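Have a look at the model first, and then we can go through it together.

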Amino acid sequence: MASASDESVSDITKEIVDLNVNDPSAKDENGEETTDAAPVRINKILHPSAGQDTSDSSPEEVVDAKFTIGSSKKEFTPYRTTSHKTLVNEYDMTHARRGRVIIINNKNFEKETGMNLRSGTDVDAFNIVNSFQRLGFETTHYNDLSVRKMLAVMKIVSRDDFSDCDCVAFIILSHGDDGIVYGTDGTLEVDTITEFFQADKCPTLAGKPKLFFIQACRGDKFDDGAVLKNNGADEMDGGRQQRIPVSADFLLAYSTVPGFYSWRNPTNGSWFIQALCRALNEYGDTLDILRMMTRVNRMVAYEFESNTTQDFMNQKKQIPCIVSMLTKDLYFPKKSQ
């Protein structure tokens, strides 16, 4: 796995590029929906043989394990660190700044990767900027980053002081596969990206929401859909310092479930980002993020279907996948001027 050097960190700070959406109606050769996946995988679907040789009474919680301490075995019972009555159920969104949104928009890829041009991704990036700025976020946009530069961006951002911010969000628009996303020259594990912002590595984001929205394929399966039968229904306690898991307060919103393609329209952008921006625009200052993402799931699942001239790719469906480690409700109330 490539790692970013200090030199690359300093170089990348000056590489913020303006959005390039001069021709948002640009289409692929035949203007059809495409997937954020390698053409070699589609070739394998068309030619699958190519390249092959042929009852506890105690009121306290207990864990389902026993710990060995020295030569004796003792059952471990954790103490309760706080009462549910003292917990705050919503994230504090009253800091001076809403927070930052980092957008990585990878459209062009080196030939060696086998990745196609991602037509329509500039429309996604443009809409993301508008939707998040409407909610008070500061946006930073990068185009066509290599793996090394993606790592450098993450290292720089993780070193920022977020003390006066409510939260942080990352949007990655690229090709991908299960567990990975593409830089312009290779692959990068999603876990490597998120680790930069764990509570022990980025202390000023500890206890604050860290949101990742990833528009990329996660495999090479197609969702054929199914006919739906009509059923008539369309903090602190007692002065003790609070400890949290280092991976708490993350939300990872993937455009599709593991193993499946993710669809993108060359004119209107990807299905997932279209639905996300619509939900942010319509419900951003009224619903919490998980209810909003449920709206996104419904939009993508019910309102989109592939339309191509290739039968094996036609009339396919998609469903986003939301992985939440959030510990409170997350709202985006309007900031007072």
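Helix H3 has 14 residues and spans 20 Å from its first C-alpha to its last, close to the 20 Å expected at 1.5 Å a residue. That expected span is 1.5 Å times one less than the number of residues. Helices here are DSSP runs of H or I with at least four residues, strands are E runs of at least two, and both are numbered from the N terminus.

A word on the model: it is predicted, so local features need pLDDT of at least 70 and side-chain atom pairs count only at pLDDT 80 or more, while totals for chains, interfaces and linings use all residues. Residues are numbered from 1 along each chain as its sequence is written, and side-chain values use heavy atoms, without hydrogens or water.

Among the buried residues of H3 are Val123, Ile128, Val129 and Phe132. Just after H3, Gly136 adopts a positive phi of about 95°.

Asn106 lies in the loop between strand E4 (97-105) and helix H3 (121-134). Its side chain reaches the backbone nitrogen of Asp144 at 3.5 Å, a polar contact being a pair of N or O atoms within 3.5 Å, one able to donate a hydrogen and the other to accept it; residues adjacent in sequence count only if both atoms are side-chain atoms.

The table lists relative accessible areas; buried means under 20%, exposed over 50%, and partly exposed in between (1.4 Å probe, protein chains only).

| Residue | Relative accessible area |
|---|---|
| Asn106 | 0% |
| Cys202 | 1% |
| Cys321 | 18% |
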